[in-house]
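Please read them with the structure open.

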Amino acid sequence: MAGVIEDQPFTLEKPRYDLSAYSGRVKQMYQQTNPKYLFVSKGRADEAKKLLDDYAEGKAPAGTTDAELWEARAIKEAIFH
């Protein structure tokens, strides 16, 4: 599928989707404007932010998956400006 690498390892430096492809740009925009993020509690948003901060410092909890990190990043990007 163009626009996304399904098993892409998590990174803070690059977007999850290939922004050089139209489908990647659409997926990125949908992710940032997904209505499900309207219902994320302040506590959950703070947890996502802390997880990403810990990851950046090399202190992410053992067993944290790339999927959890991508979801935390999506929450942070959608809620915190």
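1. Aromatic pairs. Searching the whole structure turns up two aromatic pairs. In one of them, F10 and Y55 sit edge-to-face, with ring centres 5.0 Å apart and 80 degrees between the planes. This pair joins distant parts of the chain, since F10 belongs to the segment before α1 and Y55 to helix α2, 45 residues apart. Bear in mind that this is a predicted model.

2. F10 is buried, at a relative accessible area of 6%. Y55 is partly exposed, at 30%.

3. The second pair. F10 also pairs with W70, again edge-to-face, at 4.9 Å centre to centre and 70 degrees between the planes. Here too distant parts of the chain are linked: F10 lies in the segment before α1 and W70 in helix α3, 60 residues apart. W70 has a relative accessible area of 4%, which is under the 20% cut-off, so W70 counts as buried. Through these ring pairs F10, Y55 and W70 form a cluster.

4. Other contacts of F10. Which residues does F10 touch, leaving aside its neighbours within four places in sequence? F10 is in contact with L52, Y55, D66, L69, W70 and R73.

5. The nonpolar core. The largest nonpolar core consists of 12 residues: F10, Y37, A45, A48, L51, L52, L69, W70, A72, A74, I75 and A78. Helices α2 and α3 each supply at least two of its residues. The most comes from α3, which gives six residues. As a general point, nonpolar side chains in soluble globular proteins tend to be buried together.

6. Y37. This member of the core is in the loop between α1 (22-33) and α2. Y37 is buried, at 8% relative accessibility. Setting aside neighbours within four places in sequence, Y37 is in contact with Q31, E71, A74, I75, A78 and I79.

7. Salt bridges. K42 is exposed, at a relative accessible area of 63%, whereas D46 is partly exposed, at 33%.

8. D54 and K50. These side chains form another salt bridge, with an N to O distance of 2.8 Å. Both residues lie in helix α2, four residues apart, about one turn of the helix. D54 is buried, at a relative accessible area of 17%.

9. R73 and E77. In helix α3 (residues 66-79), R73 and E77 are four residues apart, about one turn of the helix. Their side chains meet in a salt bridge at 2.8 Å, N to O. Is R73 buried or exposed? R73 is buried, with a relative accessible area of 11%. E77 is partly exposed, at 29%. R73 is also among the residues in contact with F10.

Notes. Residues numbered from 1 in each chain as written. Heavy atoms only, no water. Buried < 20%, exposed > 50% of the residue type's maximum accessible area, 1.4 Å probe, protein only. Salt bridge = Lys/Arg side-chain N within 4 Å of Asp/Glu carboxyl O. Core = buried A, V, L, I, M, F, W, Y, C linked by side-chain atoms within 4.5 Å. Contact = heavy atoms within 4.5 Å. Phe/Tyr/Trp six-rings, centres within 6.5 Å; stacked < 30°, edge-to-face > 60°.
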